[in-house]
Amino acid sequence: MIDLLVIPILQIVILLAGLLTAVAYATLLERKIQAWVQSRLGPMRVGPSGVLQPVADVLKLLLKEDITPARADKWVYTAAPILAVVPSLVVFAVIPFGPVMEIFGRPVALTITDINVGLLYLVSVSSIGVYGIILAGYASNSKYPLLAGLRASAQLISYEVAVTMTLVSMILMAGTLSMVGIVNAQLNAGLWYAFVQPVALLIFFVGGLAETNRAPFDMPEAEQELVGGFHTEYSGMRFALFYLAEYINMIVVCTMVTTLFLGGWLRPFPNVGALWVLDYVPGWIWFLLKTFVAFYVFMWIRATLPRYRYDQLMRLGWKVLIPLAIANLIVTAAAKVFL
């Protein structure tokens with residue numbers, strides 16, 4: 001009863017609370033980083049050094065009038081933000097945050113579930129989120145959101161192919177689709193896969209930027225061209241759900257980078273005995289540190305690079321990333337067969 005019901009429910013509650021808090025303060029962190037890059041202070045008004053700004057933002061969104069356009073498809077218009085945010089939350093069920101730990105004398109795994117097709121589940125469920133964007137563009141009955149929805153669908157197709165081929169390379173390396181199994185494979189190999197699959201890491205990270213609509217690939221939200229993109233006609237909490245989905249998807253990509261390429265909860269150089277002192281740091285702290293570094297790179301890129309033109313974005317996806325992913329897959333397969 002405790003293992004089957006109580007512990008999983010507690011894990012889900014803690015995970016949801018942690019995720020929502022992380023998203024709230026991720027917005028503040030991003031604004032602070034952008035301000036630092038631009039030699040200004042960023043939010044400073046609410047609380048000491050602006051630390052309560054996320055609370056003010058949430059209150060503002062809760063109290064804002066929720067408007068539905070007169071000619072919108074109301075059911076689809078309401079379902080779209082829910083469809084965007086739910087898959088991004090569900091995929092965390094298979095993300096391993098750490099090894100099995102003993103809590104109050106009972107072994108507890110720091111993952112909700114470890115299924116043998118975890119990576120396939122993660123890719124399949126997270127791909128559903130783009131339908132929320134496409135349906136939001138269609139249901140708003142407005143030309144700018146519709147154009148943004150079309151851009152989002154083309155962007156996802158262009159980059160999903162390269163990302164999927166990259167993941168196949170990782171499956172060849174680890175010999176399993178289990179997320180826990182992939183971390184254990186890196187432990188057995190004695191090194192993180194980032195060192196043997198740097199091309200795959202690059203393709204996956206660029207694809208992650210594109211699939212989460214982040215700069216320099218934020219074409220579906222291009223303010224100067226599409227006003228606000230697919231959520232132009234949204235306001236209040238329904239707008240907040242899109243915002244929530246975008247940041248949670250960023251965290252999903254960062255946790256996948258950590259798990260697939262950076263050894264998950266493993267310390268640096270896990271098989272080097274001279275670094276035994278690093279074993280005193282709990283695995284979940286290593287996991288969160290690596291995820292934070294990946295998340296910081298997301299924000300740094302947004303503050304540094306200009307937005308791609310649409311034709312440049314398509315060219316990069318089809319003429320560079322996909323051939324590169326195919327070549328990486330062939331080399332990986334050949335190495336597994338002949339080495």
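How do the residues of the lining of the second largest pocket divide into nonpolar, polar and charged? They divide into 16 nonpolar, four polar and seven charged. Here Ala, Val, Leu, Ile, Met, Phe, Trp, Tyr, Cys and Pro count as nonpolar, Asp, Glu, Lys and Arg as charged, and the others, Gly among them, as polar.

Before we walk on, a word on what you are looking at. This is a predicted model, in which local features need pLDDT of at least 70 and side-chain atom pairs count only at pLDDT 80 or more, while totals for chains, interfaces and linings use all residues. Residues are numbered from 1 along each chain as its sequence is written, and side-chain values use heavy atoms, with hydrogens and water left out.

Let us stay with that second largest pocket, which holds about 720 Å³ of space. It has 27 lining residues, and Asp57, Val58, Leu61, Ala240 and Tyr243 are the closest to its centre. The elements that give two or more residues to this lining are H1, helix H2 (53-63) and H10. Helices (H or I, at least four residues) and strands (E, at least two) are DSSP runs, numbered from the N terminus. Pockets and cavities are found on a 1 Å grid over the protein atoms alone: a pocket is an open set of points with protein on both sides within 12 Å along at least five of seven lines, a cavity is a set where a 1.4 Å probe fits but cannot get out, and lining residues have an atom within 4 Å of a point. Grid points are joined across faces, edges and corners, and a volume is the space filled by probe spheres set on the points.

Now turn to the largest pocket, with a volume of about 1100 Å³. Among its 33 lining residues, Ile14, Leu15, Gly18, Phe97 and Leu288 sit closest to the centre. Helix H1 (2-37) gives the most to this lining, with 13 residues. Strand E1 (101-103), strand E2 (106-108), H10 and helix H11 (283-304) each supply at least two. By class, the lining has 26 nonpolar, six polar and one charged residue.

The structure holds one cavity of 30 Å³ or more, and about 450 Å³ of space lies in the largest cavity. Of the 30 residues that line it, Ser126, Leu156, Glu211, Thr212 and Asn249 lie nearest its centre. Helix H10 (236-261) is among the elements that give two or more residues here, together with H4 (118-126), H5 (129-139), H6 (143-174) and H8 (198-211). H10 gives the most, with seven residues. This lining has 17 nonpolar, nine polar and four charged residues.
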